[in-house]
Amino acid sequence: MLNAMQEADRFVTKWNEQDGPLQNCPVRGVLDKIGDKWSMLLIMTLGAGPKRFNQLRRDVPDISQKMLTQTLRDLQRDGMVARRVFDTKPPSVEYRLTPLGESIIVPFGHLIRWADDNHPRIDRARVEFDKAA
């Protein structure tokens, strides 16, 4: 089994061996979407189970209705989220992760753990940088 540094070295080597310019990298289109401000929060929120639109608005209170709608639409387009409309008056809509959406929870969990473990160091680095600027 590879240790963390060996695995990181393998990823960096593979990344740098790509053919062509990085702007043509097909992974960028995926990372741009899942790495935006809201997608990770919505995926992790939906990881607890299906939610209706208004419940998502309550669970992620600082997202606007427009941005929530657009992000959910983008996640649907990418196959991460499924939308189900219930035939009620008025119609209600439920969102849930697809198997593809569920598959990114563990990688997001690693990133969240890294951010949690390192945010004090990042905060200190920012303070030091701002002092020097």
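Which strands does helix H5 lie across, and at about what angle does helix H5 run to E2? I began my notes here, keeping in mind that this is a predicted model. I find that helix H5, residues 65-77, lies across E2 and E3 and runs at about 115 degrees to E2.

**Entry: the whole chain**

I listed the elements and found seven helices and three strands in the protein, which run from the N terminus on as α-α-α-β-α-α-β-β-α-α. I then looked up the radius of gyration, which is 19 Å, well over the 14 Å that the globule rule gives for 133 residues, so the protein is more spread out than a compact globule. Taken along the principal axes, the C-alpha atoms fill a box of roughly 55 × 40 × 30 Å. I also noted that buried residues make up 24% of the 133 residues, and that, of the contacts with a separation of 6 or more, 44% come from residues 24 or more positions apart.

**Entry: the sheet**

I traced the strands and found an open sheet of three, in the order E1-E3-E2, with antiparallel pairing. The edge strands are E1 (51-52) and E2 (81-86), each of which pairs on one side only. Between E1 and E3 I find two bridges in the antiparallel sense, and I note that Lys51 stands opposite Tyr95 in E3.

Is Ser92 buried or exposed? I looked up this residue in strand E3, which spans residues 92-97, and its relative accessible area is 15%; the cut-off for buried is under 20%, so Ser92 counts as buried. Leaving aside neighbours within four places in sequence, I find Ser92 in contact with Arg52, Arg84, Val85 and Phe86.

I searched for aromatic pairs and the structure holds zero of them.

**Entry: Asp130**

Last, I turned to helix H7, residues 105-132, in which Asp130 lies. Asp130 has a relative accessible area of 56%, and because the cut-off for exposed is over 50%, I record Asp130 as exposed. I then checked Asp130 against Pro90, which is 40 residues away along the chain, and the C-alpha atoms of the two are separated by 52 Å.

Conventions
Residues numbered from 1 in each chain as written. Predicted model: local features only at pLDDT ≥ 70, side-chain atom pairs only at ≥ 80, totals over all residues. Heavy atoms only, no water. Helix = DSSP H or I, 4+ residues; strand = E, 2+ residues; numbered from the N terminus. Buried < 20%, exposed > 50% of the residue type's maximum accessible area, 1.4 Å probe, protein only. Contact = heavy atoms within 4.5 Å. Phe/Tyr/Trp six-rings, centres within 6.5 Å; stacked < 30°, edge-to-face > 60°. Pairing = 2+ DSSP bridges. Axes fitted to C-alpha atoms, helices over the stretch in contact; angles between N-to-C directions. Rg over C-alpha atoms; globule rule 2.2 N^0.38 Å.
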